[in-house]
Structures are given as C-alpha cells and as structure tokens.
Amino acid sequence: MTSVTGVSAPDPSPTSSVASRSTGRLGDRVFSGLSIGAGTLVVVLVLLIGLFLVTQAVPALQRNEVNFLTSSEWTVSGEHPRFGVAGLLWVTVVSSIIAMLLAVPVGVAVALFLTQYAPTWLARPAAGTIDLLAAVPSIVYGLWGLRQFGPVLVPVQQFFAQYFGWIPIFAPNNGLSGNVSTIFVVGVVLAIMILPIVTALSREVFAQTPRAHIEGAMALGATKWETIRTAVLPFGKPGVISAAMLGLGRALGETLAVTIILATLAPGTPWVASLFNGGETFASKIANNAGEFDTPQKTGAFLAAGLVLFLLTFVVNAIARIVIERRKAFSE
Amino acid sequence: MSASTPKQGRPDAAAEDVRTLEATPSCSATRVVERDAEPAGPAGNPRNEGASGHKSGGRAAADVAARIIMWGAFVLAVIPLVWILWSVVSNGLELVGSPRWWSDDAAGTSARRPGGGALHAIVGTLEMAAVTALIAVPIGVLTAVYLVEYGRGRLARLVSFMVDILTGVPSIVAGLFIYAFWVTTLGGQRIPFAATLSLVLLMIPVVVRSTEEMLKLVPNELREASFALGVPKWKTIVQVVLPTAFSGIVTGILLGLARVMGETAPLIILAPYTKYLQGDLFANLMATLPTMINDNRTEVTQAAIDRAWAASLTLILIILAFNLVGRLIARTSKVKA
C-alpha cells in the first residue's frame with residue numbers, strides 16, 4: 001500500500017504510454033483486461049448462437065418444399081421435406097400471451113402487497129416462499145399441471161365454452177374443452193410458473209424505492225395507494241418491465257411444462273382459433289423429437305424451428321431493452 | 001421520469017431494512033396523517049370545505065379498494081403455489097423417506113417394480129451444477145464488474161444488450177446451440193459435459209444481472225474514499241466493492257444455480273438418462289434429477305409416477321438447501337458490511 005500513491009510522478013517515460021490510460025499498474029491492466037474479456041465473451045456467445053443455428057438450418061431450409069413461415073406441415077425426412085412453423089408459432093404466442101395477461105397484473109399486485117401492505121410477520125415468510133417457488137423446476141409445474149391442476153381447470157374451460165363459445169377462441173372445438181391437454185391449461189400453468197419470477201423481481205425493485213420518495217408523498221398527504229402510484233410504481237417501472245419480459249421469455253421458451261401437458265395433434269389437423277385444442281410449441285416440438293436428430297436434414301429442420309424461437313425471444317428482449325434504456329445510467 | 005437509479009444507492013443489505021422500517025413506522029405515519037386530516041377537514045379551511053370532503057372520500061375509497069385488491073391478489077397467488085408444494089410433498093414423501101432413496105441408484109427398478117433410489121440422479125445434478133458454477137460464476141461476475149466499473153461507450157452498451165438477450169434465450173435453444181456446436185460441428189458425442197456447457201449459457205446472465213444490480217447499489221462514496229486513499233482501481237473493486245456487494249452476489253449465484261439445477265430441456269437433448277450411478281462428465285450417460293423425473297413421468301404405472309414425484313421433491317429439497325445456505329451467508333456478511 002506504500003507504493004500506490006503518486007505512481008505517475010516517480011515513474012520515468014517507459015510506462016508513460018500505459019500511464020496515459022490511467023491504468024498503469026499491472027494489476028489494473030490484468031483486471032480490466034479480464035473483465036473486458038468476459039464482457040466480450042458474452043457478446044461472442046450470443047453471436048455464435050445465432051451463427052450456428054443459421055448456418056445449420058439453411059441447408060435444410062433450402063431443400064424445404066413449402067413456405068417455412070406459413071406452412072403447418074412437418075415432414076422432415078426423405079427426399080421431399082415439407083415443414084413450416086405457422087402452427088408452432090400460433091400455439092407458442094397464444095399460450096405465452098395468456099400467461100402474461102394473468103401473471104403480470106397479479107405478480108405486480110403481490111409484489112406491492114409484500115413490500116407495501118403486508119405486516120412484517122407475513123411479508124418475510126411469504127417472500128421466502130415465493131423466492132423458493134421461483135426456483136421450482138418447470139418440469140414439476142408440468143407434472144402438477146397435468147395431474148392435479150388441469151382436472152380442476154376443465155370445468156372452467158367448459159364454462160367458457162358453454163357461455164362464451166361464440167367467441168372463436170372459446171369455441172368448444174368438438175368437446176376438447178373437456179380435455180386437460182389444451183392450450184388454455186398450458187397458458188394458465190405457464191402463468192403460475194412465471195408468477196413467482198415476476199413477483200420476486202418486482203418486489204426487489206419496489207423494496208428499493210427511496211424512502212425520501214415515499215416519505216415525500218406521505219408528507220403531502222397522499223394515501224397509501226397514492227403513494228404507491230406516485231412514488232413506488234414510477235420508480236419500479238423499468239424493473240417491472242424487465243420482470244415481465246423475463247417471464248415472457250420463459251413462457252415462450254418453456255419446454256417441459258408444455259411438453260408434458262399439451263397433447264400433440266395428428267398431422268393434417270386443420271387449424272382452429274379455439275384455445276381448447278392441442279398442438280405443439282417450438283420448444284415442445286424440439287423436445288418431443290430430441291431423439292431423432294440423426295440426419296443433418298432433420299437436425300437442420302429442428303434447428304430452424306429453434307432459430308425462429310431464438311429470434312422471437314430476441315425481439316421481445318430487444319423491445320424491453322429499448323423501454324428500459326430510458327432509465328438513466330448509473331452515476332451519470 | 002423521476003424514477004431513476006439514485007446517485008447514492010443503498011447497499012443491498014439495507015433493502016430488507018427498508019421494508020422492516022417501513023412496515024412499522026410508516027404505517028403509523030399514515031394513520032397519523034389520516035387522523036390529522038379528519039378533524040382538520042370540517043373545522044378549518046372553510047373556503048372549499050365541501051369539495052375537499054368529497055374528494056377525500058373518493059380518495060379513501062380508492063385506497064381501500066387498492067388494499068383489498070392487493071390482499072386478494074396475494075391470496076389468489078398463494079393458492080396454486082402452496083398447492084404445488086403440497087402435491088409434491090404428499091406424493092413424494094413416502095419414497096424420499098426411505099433410506100434406500102438416498103443411498104442407492106435405480107438399478108433393478110422398472111415401470112412395474114416400485115422403490116429404488118435416486119443417488120445416481122442426485123450425484124449427477126450436484127456435479128453438473130458445480131461444474132456449471134465453476135465456469136459461469138467467474139465469467140458472470142467479471143462481466144458485471146466490466147459493466148459497472150469499466151464499461152463506457154459502445155462496447156458496454158453492446159455487452160449489456162447481449163446479456164439481456166442471453167437472459168431471454170430459452171433453455172432448449174441453448175441446448176440446440178450446444179448440440180449444433182458440439183455434436184454436429186465438432187463431431188462429439190452427447191455427453192454430460194456438453195449439457196453442462198448449455199447450462200453455463202443459462203447461468204451467466206443470471207449471475208451478471210444480479211451481480212450488476214448489487215454493484216450498482218454500492219455507494220459511490222466508498223469507491224471515491226478508496227481512490228482518495230490512493231488504492232488502485234482493481235484493488236478497490238476486489239477489496240471494497242465486491243465484499244460490500246458480496247451477500248447479494250452469492251444470493252444471485254444461488255438463484256442461478258437453482259435455475260440450472262431444475263433445467264431439463266438441454267439435458268433431454270444432450271445428456272440421456274441412465275438408471276445407474278455414473279459420475280464421469282465425459283462418459284456417455286449420466287442421470288440427473290430432472291431427467292429422472294422426465295424418464296418416469298412418461299410411464300403410466302403408479303410405481304414410476306411415485307418416483308417422478310419423489311424425484312421432484314428431492315430436487316426441490318436440494319434447491320431449498322441452496323437457498324437457505326445463501327440466506328445464511330447473506331445474513332452473516334450483512335453485519336460486516
């Protein structure tokens with residue numbers, strides 16, 4: 001610690017070139033080099049994911065005889081492969097939207113409850129339980145959804161089919177509304193699955209609301225709710241958005257919960273808008289066929305599906321990023 | 001946008017204190033405000049007495065409505081979450097309670113033969129988690145240090161953006177990428193180590209984001225004080241910034257570990273299940289708890305379903321243990337900070 005003061009003054013010219021970068025010490029150079037290297041590695045990894053998926057999907061896509069984006073066929077072997085992702089895209093997006101519509105409002109409300117309303121004796125154990133549930137593996141949600149929760153949800157499906165069946169998404173669909181393995185059940189289970197994530201992350205940002213903001217609002221006579229609306233929510237907004245996007249990302253890419261619950265449809269089944277229907281998401285399609293990656297053509301077709309999923313989550317996260325960018329950078 | 005990260009953030013340990021403080025004194029503060037407002041309403045300020053009375057009634061109603069909604073949302077959320085835990089515990093407890101579960105692998109069991117152990121899967125899960133953490137934590141923490149302490153300009157924005165993208169990469173895509181890289185391009189086999197690499201991809205962003213948040217909460221005054229004493233930047237980071245944020249970083253690592261331990265999709269692609277105890281990451285087959293659940297849930301017999309529930313319970317117990325350890329570390333280091 002003795003030599004650290006005034007290192008540039010006694011140092012002669014040889015080190016001046018590095019000293020001009022103000023990180024003249026070896027330790028500084030090594031450490032900043034390591035951290036820059038780690039950061040660069042992350043960038044390279046993401047680019048590699050895209051690169052590998054693209055380069056190996058392209059040959060299969062070139063041999064594809066139907067439009068990849070608008071077809072719902074899936075024949076990947078043989079001389080005349082015909083495969084498209086329209087059906088996968090529909091099921092993936094719709095189930096994730098159901099999950100978001102249910103999980104985000106409830107999650108934010110629970111986070112507000114835990115940070116602003118709950119008595120301490122309740123807030124701590126409840127927060128701990130929710131943190132734990134954020135760590136419960138998705139395969140467990142799938143197991144529970146199929147065996148325990150799904151059967152309870154079937155009457156709800158039948159209610160919607162009976163009274164709101166005139167809306168296309170709630171159409172009874174030949175009695176499939178009485179089945180557990182539907183997109184609707186998957187959406188609700190996904191909502192329950194991402195609820196702890198949305199809650200835990202929102203709770204963290206709400207708990208960090210500066211006390212000055214809260215006390216300021218209260219000093220102006222704001223009620224509890226007005227304090228939340230004017231101080232807590234604006235402060236936590238970027239955090240809530242990132243929490244929601246993280247949840248959406250997990251819902252879009254969720255594999256096992258969907259694979260376990262959702263029934264696959266026979267090839268050639270016509271598309272219907274009803275939520276009371278089986279199907280496959282990108283992820284469950286890949287997982288269901290993970291044992292079949294034997295030829296480059298087959299593998300390429302599934303990698304192409306994975307690529308679309310990757311791009312989908314990429315776009316979601318990029319949008320979230322643009323929203324969060326408005327937050328001022330640290331100490332600037 | 002008054003909601004910006006404050007210049008002087010609080011250290012992570014203070015976050016809980018904020019809630020504790022707030023739960024008691026500020027509640028009473030609200031009550032004081034209300035009590036003050038009630039008598040002041042009709043007595044003083046005659047100029048717009050009626051208007052203010054009406055308005056405060058609506059405001060009070062909104063406040064009560066919000067309070068009811070929050071409680072309702074909490075109850076609504078708790079029901080399925082408690083139900084899941086109850087299902088897993090009640091269905092899995094019998095097998096998990098048997099000593100053989102913890103000391104034996106599943107050799108000799110079949111869809112029709114009940115019982116068996118999960119030692120092979122427990123070993124596999126812990127081993128993969130350890131290797132994943134070994135690779136992911138240094139990369140993640142250093143990336144966070146870069147973003148908070150060094151990152152300026154275009155590269156920092158790019159890194160931060162890519163971390164967000166990586167956060168959203170679905171586990172199955174991570175598995176596919178490693179498959180395309182390891183099996184298709186390098187011509188390797190499907191081995192547990194390849195699955196570990198895909199878990200690394202999933203863990204890095206969790207570690208980066210949580211570490212970054214914690215580093216941001218370290219007050220700038222600490223850094224400035226250290227610089228003012230002539231301490232080099234790297235030493236400031238290693239000896240002042242990182243220790244201050246330590247508990248938060250550990251919690252982030254444990255959350256990340258909990259996530260990758262439960263991850264199933266990459267393992268289905270890259271690490272096929274086996275019933276036998278096998279601890280070599282570079283051998284062909286290796287059991288983990290998620291693939292054990294997956295293997296057993298596809299059978300329709302009660303014996304297999306029981307094993308799936310028991311494996312779920314075991315996995316949750318391990319994750320719970322990690323969480324508890326994380327909290328203990330967080331609590332002890334809070335005193336130091």
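**Exercise 1.** Which residues of H12(B) are buried?

*Solution.* The model is a predicted one, in which local features need pLDDT of at least 70, side-chain atom pairs count only at pLDDT 80 or more, and totals for chains, interfaces and linings use all residues. Residues are numbered from 1 along each chain as its sequence is written, while chains are lettered from A and ligands numbered from 1 in the order in which they are written.

Step 1. A residue is buried if 20 or more other C-beta atoms, placed from the backbone, lie within 10 Å of its own. Helices are DSSP runs (H or I, at least four residues), numbered from the N terminus.

Step 2. The buried residues of H12(B) are B:Leu289, B:Pro290, B:Thr291, B:Met292, B:Ile293, B:Asn294, B:Asp295, B:Asn296 and B:Arg297.

Step 3. Because nine of the nine residues of this helix (residues 289-297) of chain B are buried, it is largely enclosed by the rest of the structure.

**Exercise 2.** State how the two domains of chain A are arranged.

*Solution.* Step 1. Domain 1 of chain A covers 13-63 and domain 2 covers 82-324; such bounds come from an automatic or database domain assignment.

Step 2. Taken over C-alpha atoms, the centres of the two domains are separated by 34 Å.

Step 3. Residues are in contact if their C-beta atoms, placed from the backbone, lie within 7 Å. By this criterion, 10 residues of domain 1 of chain A are in contact with 10 residues of domain 2 of chain A.

**Exercise 3.** Describe the contact between chain A and chain B.

*Solution.* Step 1. Chain A gives 91 residues to the contact and chain B gives 96 residues.

Step 2. On the side of chain A, helix H2 (residues 26-63) gives the most, with 18 residues.

Step 3. A:Phe113 touches A:Ala118, and also B:Met70, B:Trp71, B:Ala73 and B:Phe74, not counting residues up to four places away in sequence.

Step 4. For the complex, the predictor gives an ipTM of 0.81 and a pTM of 0.80.

**Exercise 4.** Which elements of chain B have the lowest and the highest mean pLDDT?

*Solution.* Step 1. pLDDT is the predictor's confidence in each residue, from 0 to 100. Chain B has a mean pLDDT of 80, and 82% of its residues reach 70 or more.

Step 2. Helix H1 (residues 12-43) of chain B has the lowest mean (41), and helix H4 (residues 119-150) of chain B the highest (93).

Step 3. Over residues 1-54 of chain B, pLDDT stays under 50.

Key
Two residues are in contact if their C-beta atoms, placed from the backbone, lie within 7 Å. A residue is buried if 20 or more other C-beta atoms lie within 10 Å of its own, exposed if 12 or fewer, and partly exposed in between; C-beta atoms are placed from the backbone. Helices (H or I, at least four residues) and strands (E, at least two) are DSSP runs, numbered from the N terminus.
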